Structure formats: C-alpha cells, structure tokens
Amino acid sequence: MSSASIQVGEVVAHKYRIEGIIGEGAMGMVVSAMHVGLQQRVAIKFLLSNLAEKEASAERFRREALAAASIRGEHACRVLDVGTHDNGVPYIVMEHLDGHTLATEIEQRGPIPFQEAIGFVLEACEALAEAHVLGIVHRDVKPANLFLADSVGGIRTLKVLDFGVAKSLSYGTGGQAALTKTASFVGSPLYTSPEQLHSVKDLDARSDVWSLGVVLYELITGRAPFMGESIAELIAAILYRDPPPLSGQGIVLPSELVEVVGCALAKQREDRYATVGELADALAQFVPEEGALSAERVYRVLATTQAREGGRLNSLPLRTAAERGAEATRLTSERRAKRTGSSSANRASDTVDSPARKRALLAIVAVLLLVGAGYVLSTRLSGAERETNTGTAGAAAPPLPTLPPRVEAPLAAPPEAVPPTGVLPPEQELEPAPTPGTSTPTPNTPAAARVAPAAAVRRPLSPRAQPVGTVGASSPARVLAPATPATDAPPSDGKVRLRDYGGRR
C-alpha cells in the first residue's frame, strides 16, 4: 500500500473516514481520519503493502500494536484499535496528535537550553519506565520518535512513538523470539547502543538509557555525539570513540550534568545507569520543580508495577527529594569511578606491563639479541674465511712469493730387502757420501751400498718439513721447509752408519 492507494474520503472498517496523509516511513504510512460514530479525529498507521506480504514484518507490526496498547501513561501514544484493510494490509488506530517531533524542534531551534532538554528526557523516562516494567525495550528511541503534542492551554506534552522494533523481554521461545534474529539490525544507527550493534537479542533497559543519553546530548548541542561519513565509521565511533566533551562546545553547563551524560553514554552497559529511574533521579536535580515530580512518577512506576513473587508485590518505599538526590549523586560517582578506573587500567595495560609479562618480553628480547648477534658473528667469520681463501669479493687474491724450483738428482736403485720401516740393520755399513769435487763410487761397490748423494736422497717429510704452501694452481713445484741437519758426529773409525733412514733418528 502507498499514498496512491489511499483515497481521501474512503471509509475504513465502516467507521474511519480518511481525511489526509500525515506521513510515510520505511515501514508504514500514517493518515488522518475521523471516527464516523464518535466524531473524533484519529491517526491510522498502515503497514506498507510490500512488507505486509512478509511474515516477519507483519508480526512486528502486530507486536507494535500490542506493546503500545499495554502502555497507558500520558507520555505514550495510545492505541485505540487494530484491524486489517480489505486488501489484506494490517493497520493500527492511534490517538491523533497535533504538533511535531523533537527532530523538527532541533531543526527549527538548534541547541536547546539544558533545563528544557532535561524536561523532555524526563517525560520520555516516564513512558519508557512503564514499558520496561512490562518487559518491553523500545530499541529505537530518537528525536523522530519523540513527539511534542500540543494540548489545551498551549502546554506541550512529549509522547513516545513507534514501538515497531520494540522487544519483549518476556518472550523466550517461539515465534516472538525467532522474530528478532542476531543477523537483523533494527533501530537507527545514530542512537543505537554498543551492545545492540553486537547482538540485537542480548538487550535490556540499559540500551534505552544509552539512546536517551544520545538524545539529551543532541538536544543540548544541536548535533549527535557520534558521527561518521559511512555506516562503518559511525559504528566504529560508537564502539571505540568518546564523544566530543559537552564542556568544550561553547556551552556553559554544570559539571555534574556532564558527568550524568557521560554515565548514560558509557560503552559498557555495566557502567551506565541500570534503569531509567536512576537516570531520572540524576537529572531531576537540574530542574528542581517539574524534575522532582517527573522523577517521582518514574520511581513509582518502577516501584509499584514490578513482577510479583509469591503473590506479594515487591514495592519500594518512597523517598524524599533529598534522599533521591543523594542516591543519584552516589550512583553517578560510583559509575564515574568505575569508568575512570577501567579506562586507567586499559591505558596502564598499554604502557605498564605486569611483572610476568615484563619477564616474558625481556626473555624474548634476549633471545632475539642472541640470535641476531650469532647471525652477525657467523656472517663476519664466513666473510673473513672467504677473504682468506679466495680474497675479497671482486678483487684478485695477492700472489704468493715464488721460489726457484728445486732440482733433484736422479735416484739410484733402491736397496734390496729394505724393511717396511725404512731402517737398515745396524751392521750394514755404507761408505761415506762423496764430497763435492770427488768422483762417484766405483762400479765394484756393492749395489746395496750404493746410495744417492745426501742432497738427493728422497725422504718422507717429517712434521717439521711439511709443505707450507703452493706456488699456484698452474705450478707443480712444491716449496719445502728445510730439514733439520743431523748433529751426530761420525764414528771414530771414519765410517758412517745409517741409523735413520728417512730423516728420523
């Protein structure tokens, strides 16, 4: 159903004559009508036809009628009748209100004096208190749903509208519980509590307390406390950022009022006022006359309509204004200390770690330093080794000094029956090696006694005569360390006995 399908002059249910269109929203359309029999003007809200076909939307619309009809206070729009149009679209008949919403009031006036703004919020607390004791959470409290109705004598009365997204806390199972799903988002993001952004199923009265705090902030400053260019930025602001302080916007406000608004806008619902009655008590001190009366009415609603236990009504004793103010101050101070303590703890946890965490961090740092030092040391050692073996990368290794190759004389035939150890029997005597300038041994000399000159004898290298280097990859010559000369004197008979074959004694 749309505005085109509603004809002025049409009679609905044979008793409501349509007079005009009041407005149309995302869920329904509101028209002005006249009760034919009573000659009383009423407002009729029709569910849009495209939503009427959806079972969830139709059930939510019906629930709005039940929730609004159960609230009979003067600050809730009364429901007079319900029905279904001939085309199958359900409708709700409500009292007709003359005036405009708080959203229009803010657009026309801008920031509103805080005493007047507090008066509006206190009236909303009265209607919400009645809903809360019935187990109903509104979940969509915003200036557009707070209507300033003109009454006799020019007095304006605030009315809470649109319980279409209200949630009944008494519904635990069945279709009512299934109607509200975690994945579905209801309400207006600007005024939605942080817990409602996490889960629409886990809500209580403190969610409405948050929304009232946002409304009060906007009434006083003319702007919402949380803004964003997109839905994602707005949600991030609601969840993680603090609103701009009230005291820093060029508005003179009591410091106590700033604390009250901050308590209502606490991120954790445990840090907020538990009920709208606590919020009303905290606000009543700033508007002594009408505030005291409104706070007392809220208190009585909460005290005298609580659930019964054992057939007896759990009513609370009425308090005096002084007691109410002292209690509100105490609650505000306790919640402020709790919020400050939790914020300080969070900041301290970011900067000052616990001893165990400090030790763990120090151990991790020490391990990282050791690993880094080991890596640097191994890198330097490997680099030094490469420079030693192959020279610095990119530069040729310095050439080693070259020595003239040693020319060795040809060896004679090896002696016969030489023991494996290379030592001859002591009784075998050899003639002394010829001195320079003498002739070689005669052919008559036994072959076993003929040896190469001492300078040409090839001996196994001892540890003291190992190769000390190579001339180069292309040179086969080897540089030998000089052998240790023998120090034994020859025997007195002039003969030389070879006791160490190979250079060992």
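**A guided reading of the model**

At 1% relative accessibility, Ser 211 counts as buried, and this serine is found in helix H7, which covers residues 205-221. The model is a predicted one, and the values given here are computed from it. Once neighbours within four places in sequence are set aside, Ser 211 is in contact with Val 141 and Tyr 191. The C-alpha atom of Ser 211 is separated by 6.7 Å from that of Ser 193, a residue 18 residues away along the chain.

The chain contains 13 helices and 11 strands. Among contacts between residues at least 6 apart in sequence, 61% join residues that are at least 24 apart. The accessible surface comes to about 29300 Å², and carbon and sulfur atoms account for 58% of that area.

Strand S2 (residues 16-24) pairs with strand S3 (residues 28-35) in the antiparallel sense over seven bridges, and the two form a hairpin with three residues between them. Within this pairing, Gly 20 stands opposite Ser 32 in S3. S3 also pairs with strand S4 (residues 40-47), again in the antiparallel sense, over eight bridges, with Val 30 standing opposite Lys 45 in S4. The hairpin of S3 and S4 has four residues between the strands, and there Gln 39 takes a positive phi near 50°. How many residues of S3 are buried? Seven of its eight residues are, which leaves the strand mostly covered.

Another part of the chain holds an open sheet of three strands, in the order S7-S9-S10 and with antiparallel pairing. Its edge strands are S7 (99-101) and S10 (156-160), each of which pairs on one side only. Neighbouring strands of this sheet are turned by 25° against each other on average, direction ignored. S7 and strand S9 (residues 146-150) are joined in the antiparallel sense over three bridges, and the bridge partner of His 100 in S9 is Leu 148. Two helices accompany these strands. Helix H3 (residues 102-109) lies across S7, S9 and S10 and runs at about 90° to S7, while helix H4 (residues 114-133) packs on the sheet, touching S9 and S10, with its direction making about 45° with that of S10.

Within this sheet, Lys 159 deserves a separate look. Its place is in strand S10. Is Lys 159 buried or exposed? Lys 159 has a relative accessible area of 8%, and because this is under the 20% limit used here, the residue counts as buried. A polar atom of the Lys 159 side chain lies 2.6 Å from the backbone oxygen of Glu 74.

In soluble globular proteins, nonpolar side chains tend to be buried together. In this model the largest nonpolar core has 60 residues, and those with the most contacts inside it are Ile 118, Leu 212, Leu 219, Leu 257, Leu 279 and Leu 283. H4 gives the most to this core, with 12 residues. One of the residues named above, Leu 283, is in contact with Ile 118, Val 121, Leu 122, Leu 216, Leu 257 and Val 260, when its neighbours within four places in sequence are left aside.

The last stop returns to H7 by way of another helix. In helix H8 (residues 231-240), Leu 234, Ala 237, Ile 238 and Leu 239 are buried. Against which helices do the buried residues of H8 pack? They pack against helix H6 (194-198) and H7, and H7 is the helix in which Ser 211 is found.

Notes
Residues numbered from 1 in each chain as written. Predicted model: local features only at pLDDT ≥ 70, side-chain atom pairs only at ≥ 80, totals over all residues. Heavy atoms only, no water. Contact = heavy atoms within 4.5 Å. Areas by Shrake-Rupley, 256 points an atom, 1.4 Å probe, with all protein chains shown as cover. Pairing = 2+ DSSP bridges. Axes fitted to C-alpha atoms, helices over the stretch in contact; angles between N-to-C directions. Buried < 20%, exposed > 50% of the residue type's maximum accessible area, 1.4 Å probe, protein only. Polar contact = N/O pair within 3.5 Å; in protein donor to acceptor, adjacent residues only side chain to side chain. Core = buried A, V, L, I, M, F, W, Y, C linked by side-chain atoms within 4.5 Å.
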